[in-house]
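These are my notebook entries on what I looked up in one structure.

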Amino acid sequence: MDYFLVCGLGYLGQHCVIALKKFGVKVIAIEKNPPSDWEVKNLHESLDELIIGDCSQQNILSQTPISKIRAALIVTTIEKVNIETAIALRTLNPHTRLIVRSDRENLNYLLSNQLGNFVAYEPKHLPANAYALSALGKDTIGFLDLEGGKMRINRLQMPSHHPWYSYKSLEELNTRHRRIITHYRHNFPDTEINFYQWNPEAKLQPQDTIVYVETENNDLMTKGYNTNSPQRKLSQNIIQYITHIQHRFNRYLKEFWQLNRKQQIRRVALVCTLVVFLLLITGTILFHFYYSAISFVSAFYVTAILLLGGYADLFSPLEPLTGLPAWLQLFSLLLTLTGTAFVGVLYALLTEALLSSKFQFNSKRPPIPRENHIIIVGFGRLGQKVAEKLQELKKPVLAITLNPITDISTALTIPLISGHNLNDSLKLAYLEKAKSMVIVTDDDIINIEIALLSQKINPNCQLVIRTNGDTLTENLSQLLPHATIIDPYIAAAEAFTGAAFGENILGLSRLQRQTILVTQYHIEGNDTLQGLLLSEVAYGYGVIPVIYQNHLDASRVTLPSDDIRLAVGDLLIVLATIEGLKAIELGKPHLRQWQLEILSAQSKMTIFDGTSAIARISGCSLKTAKEVMDNIPCILPVRMYHHQAVRLKKILHQNQIQSHLVRVR
């Protein structure tokens, strides 16, 4: 029997043990300094053997049944120890799969080529995508940027009016570019992911919730369902743009008069500029009107010279100008005095701005967004990864760090607030107008404090909180029921465990406190998936096939047809929970509980088309399908999954063949 080895029983290692035991395998662990009280309760009951010692030493590794170790999860907190252990294990067993905790991408790539059967993850980085997507709200769960196409996972609570109500059943929503993942009635809690555990013949109702995956192009078409014509769309956009400009102008005008003491200098600069501009226009008009010998251009230059202190250049006290009223000459003197004062103020402000900038022209950050933005509190490695994900999605981001940053060059494109206490930072961040806040500092107490404070300031702000600890995560979920609570190590443990069984984990997302793993399979001869239809893979194991590539073709198919049969060498990428991966690994699909009774057919042509459809969708042979169609009425002697049987019934109905479903035990 194969064994699985976990090196390092820290918080991540303990959760890896729990995740592995869900697969019913034997788990051996090595820990140098076991604690007196485990963070995961009753962990010792899940371990088949615990070895005390340094896992990087060959004499310690030799105490395990090394030849039977199928995979080793090396997850200590010391990266040097992890790398040494991986090299030592490869020396002892050239076939063991190595899953290593490390964030050195270049070194990991080199080790993968050198050691073989080696993958490395950094647990803090794996959930970054989940944090970023949770900040977008409940409507967007995941983005998949895979070779072959871009897709997104959406969550939609049905409004009172929507074009999807025109469909007779949920099954009809499945298209070439969209797949329904799960469906909940409005009066049932959606606390758990149940892929395909919904009735495909049900009809949508208001306030129902559906989760679905669709291609990027289809998402753009879906968003535009309520536009009637290009002309109307253009007019609506123009009206919205004008309204938006008016709203922003009113908001800036209001905020301008509410500036704090540090920002009063901006008000002084604007007032001086406006006064000088009004005097310039007034002087130009007066000089041209009362001294018609000069043009508007000359009058403009005369006024500008006076504002710049040039009164003596234009007026001589010994030879006054004729034809120019005395009051206008007095006005000219006032122009010079006013211009000297106000222009002097502008010069002073400009000089101050240049000096205060300290000549850091190349490192200037973008301005702080004022509304509908996402605030990231905690700008360590995880915070920076989350910010990068959100920037890729073109979302306005603001970062807050309570600790000094030594290397600010890593994120110069992100607005950053640093060096302030918590209250001042939140005031500068326009929290009251923010859309979401992602709190990912390393201190759980600070995370709770920030979450409660932000909830008080802006109750409508979507909170995404990082925690460390099962008890804290559960209790905080009760305290802040509308917040998204993510423990990065629990999510990462499921990814490490999935990788231990030989699968390539491409990413993960979070849905209703469960992890959705993007998992890649290369079909092998002894694989539990070999020879199955994609419908049997999807409905039998509860996974969503999103990418398929035939071993004879270099191109990849996005959201492939259920009727494709997997062969050795094919590539398949699926969305799956840890339970789905477990079912595939053990080769234990759900029971097939449905059959189809064929009642009647309109003609010989429909019988021919029906025979082909039955063989293609149910997976039976053409001979069996032909025998059924030749003996109508007859029950198809092939058991199917519910969604599979409903789809076959629909196709037969389109070919004028009547049938109905029969549930079997």
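**Entry 1: an enclosed strand**

I looked up strand β19 (residues 544–549) and found that six of its six residues are buried, so the strand is largely enclosed by the rest of the structure. Buried means under 20% relative accessible area, exposed over 50% and partly exposed in between, with a 1.4 Å probe and protein chains only. Helices (H or I, at least four residues) and strands (E, at least two) are DSSP runs, numbered from the N terminus.

I note that the model is predicted: local features need pLDDT of at least 70, side-chain atom pairs count only at pLDDT 80 or more, and totals for chains, interfaces and linings use all residues. Residues are numbered from 1 along each chain as its sequence is written, and side-chain values use heavy atoms, with hydrogens and water left out.

Which strands pair with β19? I found β21 (residues 571–576), antiparallel over five bridges, and β20 (residues 557–558), antiparallel over two bridges. Two strands pair if DSSP finds at least two bridges between them. Y548 stands opposite L572 in β21, and I547 has T558 in β20 as its bridge partner.

**Entry 2: a helix**

I then examined helix α3 (residues 79–92), which has 14 residues. From first C-alpha to last it reaches 20 Å, close to the 20 Å expected at 1.5 Å a residue; the expected span is 1.5 Å times one less than the number of residues. Its buried residues include V81, I83 and L89. The buried residues of α3 pack against several elements, among them β1 (3–7) and α4 (105–115).

**Entry 3: ring pairs**

I counted six aromatic pairs. Rings of Phe, Tyr and Trp (its six-membered ring) pair if their centres lie within 6.5 Å; planes under 30 degrees apart count as stacked, over 60 as edge-to-face and the rest as tilted. The ring centres of W164 and Y212 are 5.4 Å apart and their planes stand at 75°, so this pair is edge-to-face. W164 lies in the loop between β8 (149–157) and β9 (178–184), and Y212 in strand β10 (residues 209–215), 48 residues apart.

How values were computed. Contact = heavy atoms within 4.5 Å.
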